[in-house]
Structure formats: structure tokens, C-alpha cells
Amino acid sequence: LLNLRHLFLDYNFISILPDVIGDLYELQILSMKKNCLSQIPSSVSYLSKLECLFVDGNPHLKMIPERVCHLPLKEFSCDPE
């Protein structure tokens, strides 16, 4: 999985994303829409090739780690709905 480029985890009732997500260095798109996330691990900030991050529809998600906000994303959406 280390060469994984697109990861879509939408609509899966996911509440915790493991820190090892930061080991997917080739990841370009990460979509976690409509889940139960309350936080995003700061290890996401290690994904230097990440272009798109979608976390819409996670009503318990209150903040995005500051280090993640510094990624040069082309697309980002986080409407809690």
C-alpha cells in the first residue's frame, strides 16, 4: 500500500484514522466524507504529495491540525454539514 495514490473512505462510519496514514507518502487524494471523525491525525501533514483532502460531513470534527493546513493542497473541503 505504500504506493497508494488515491484513498476514498467515504460513508464508512469511521471514527478514528490511524497515525500510520502518514506513511502513505505517495497519496495524492484522501477523501473521508460522511464519517464520524472527531480529529485528523497530525501525521497527515507528512503527506507531501497530497493534493486533495475531503472531510465533509464529519459533524464531530472540530479542528484540523495546523500542520495539515500548511500542505499545498489544490482542493480542500471540510463542511461539517
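Modeller: The largest nonpolar core has 19 residues, and Leu30, Met32, Val44 and Leu50 have the most contacts inside it. A nonpolar core here is a set of buried Ala, Val, Leu, Ile, Met, Phe, Trp, Tyr and Cys residues joined through side-chain atoms within 4.5 Å; buried means under 20% relative accessible area, exposed over 50%, and partly exposed in between, with a 1.4 Å probe and protein chains only. Keep in mind that this is a predicted model, where local features need pLDDT of at least 70 and side-chain atom pairs count only at pLDDT 80 or more, while totals for chains, interfaces and linings use all residues. Residues are numbered from 1 along each chain as its sequence is written, and side-chain values use heavy atoms, leaving out hydrogens and water.

Let's follow Met32. Beyond its neighbours within four places in sequence, Met32 is in contact (heavy atoms within 4.5 Å) with residues including Leu9, Leu17, Leu37, Leu53, Phe54 and Val55. In general, nonpolar side chains tend to be buried together in soluble globular proteins.

Now for a charged pair. A search of the whole structure finds one salt bridge, meaning a side-chain nitrogen of Lys or Arg within 4 Å of a carboxyl oxygen of Asp or Glu. Here the side chains of Lys49 and Glu26 meet, at 2.9 Å from N to O. The two residues are 23 residues apart and link distant parts of the chain. Lys49 is partly exposed, with a relative accessible area of 40%, and Glu26 is also partly exposed, at 22%.

Notes
Helix = DSSP H or I, 4+ residues; strand = E, 2+ residues; numbered from the N terminus.
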